[in-house]
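Visitor: I have a model open and want to go through it by asking things as they come up. Can we start with the terms?

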Amino acid sequence: MNVLVCSAVLCAGLTFAVPGEAEAARECASGAKVIKPVVLEDPGRWTYTFDLSWCAEGGSIVWAEPSVTARVHSPACRWVGRVEESIKQLPDKAWSVFDMSEFSCQDGAGKEHGVNPWVVVTFHPAGAYDTSGDIAV
């Protein structure tokens, strides 16, 4: 019975959030900056959404909060989790964040195949940012 309920929930597109990411937004006197969410997907199977907010005070970034929302749309797939993450300050006051997650889906023969959606965002105190991402097989 639990397996059927879980499968039904996964088919409905349950959202998985990393612990702590559902908390209220942090305070930022200058106003938090945000990126346009980066969405990578295998339509009908899964969707990965990466978000980032940050705060800059006095021309320097004081905090950054990346988040990932994983949605599974098929009972043949599962979200394995976030497998690699990093946030680092660059020499020019910009910061860079990297996230790679993993989904695993069964093919028609029942064999599992993993894929890794990944995103890199370089962001600046004034609010400018660049994003890149893809799905590694």
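Guide: Start with accessibility: buried means under 20% relative accessible area, exposed means over 50%, and partly exposed lies in between, using a 1.4 Å probe and protein chains only. By that scale Asp99 is buried, with a relative accessible area of 0%.

Visitor: And what kind of model is it?

Guide: This is a predicted model, in which local features need pLDDT of at least 70 and side-chain atom pairs count only at pLDDT 80 or more, while totals for chains, interfaces and linings use all residues. Residues are numbered from 1 along each chain as its sequence is written, and side-chain values use heavy atoms, with hydrogens and water left out.

Visitor: What is the mean pLDDT of the protein?

Guide: The mean is 85, and 82% of the residues reach 70 or more. Over residues 1–24 the pLDDT is below 50, and beyond near neighbours in sequence this stretch has 28 contacts in the model. Here pLDDT is the predictor's confidence in each residue, from 0 to 100, and contact means heavy atoms within 4.5 Å. Where pLDDT is low, the predicted coordinates should not be read in detail.

Visitor: How many salt bridges does the structure hold?

Guide: Four. The criterion is a side-chain nitrogen of Lys or Arg within 4 Å of a carboxyl oxygen of Asp or Glu.

Visitor: Which residues are linked in a network of salt bridges?

Guide: Arg82, Glu85 and Asp99. The closest N and O atoms are 2.7 Å apart for Arg82 and Asp99. That pair links distant parts of the chain, with Arg82 in strand 6 (residues 77–89) and Asp99 in strand 7 (residues 95–106), 17 residues apart. Between Arg82 and Glu85 the closest N and O atoms are 3.4 Å apart. Strands here are DSSP runs of E with at least two residues, and helices are runs of H or I with at least four, numbered from the N terminus.

Visitor: Is Arg82 buried or exposed?

Guide: Arg82 counts as buried, at 17% relative accessibility. Glu85 counts as partly exposed, at 49%.

Visitor: What does Asp42 meet in a salt bridge?

Guide: The side chain of Asp42 meets that of Arg45, at 3.5 Å from N to O. Asp42 is partly exposed, with a relative accessible area of 29%, and Arg45 is partly exposed, also with 29%.

Visitor: Where does Asp42 stand in the strand pairing?

Guide: Asp42 stands opposite Trp46 in strand 4. Strand 3 and strand 4 (residues 46–57) pair in the antiparallel sense over five bridges; two strands pair if DSSP finds at least two bridges between them. The two strands form a hairpin with three residues between them, and Gly44 in the turn has a positive phi of about 85 degrees.

Visitor: Changing topic, what order do the strands have in the open sheet?

Guide: The order is 6-7-8-9, four strands with antiparallel pairing. Strand 6 and strand 9 are the edge strands, each pairing on one side only. The twist averages 10 degrees from one strand to the next, with axes as lines fitted to C-alpha atoms (for helices over the stretch in contact) and angles running from 0 to 180 degrees between N-to-C directions.

Visitor: How many bridges join strand 8 to strand 9?

Guide: Eight, and the strands run antiparallel. In strand 9, Ile135 is the bridge partner of Pro117.

Visitor: What about the loop between those two?

Guide: Ala128 lies in the loop between strand 8 (112–123) and strand 9 (129–136). Ala128 is partly exposed, with a relative accessible area of 44%. Leaving aside neighbours within four places in sequence, Ala128 is in contact with Trp54, Thr122 and Phe123.

Visitor: Last one: where is Ser96 found?

Guide: In strand 7. Ser96 counts as buried at 11% relative accessibility. Not counting residues up to four places away in sequence, Ser96 touches several residues, including Ser86, Ile87, Val121 and Thr122.
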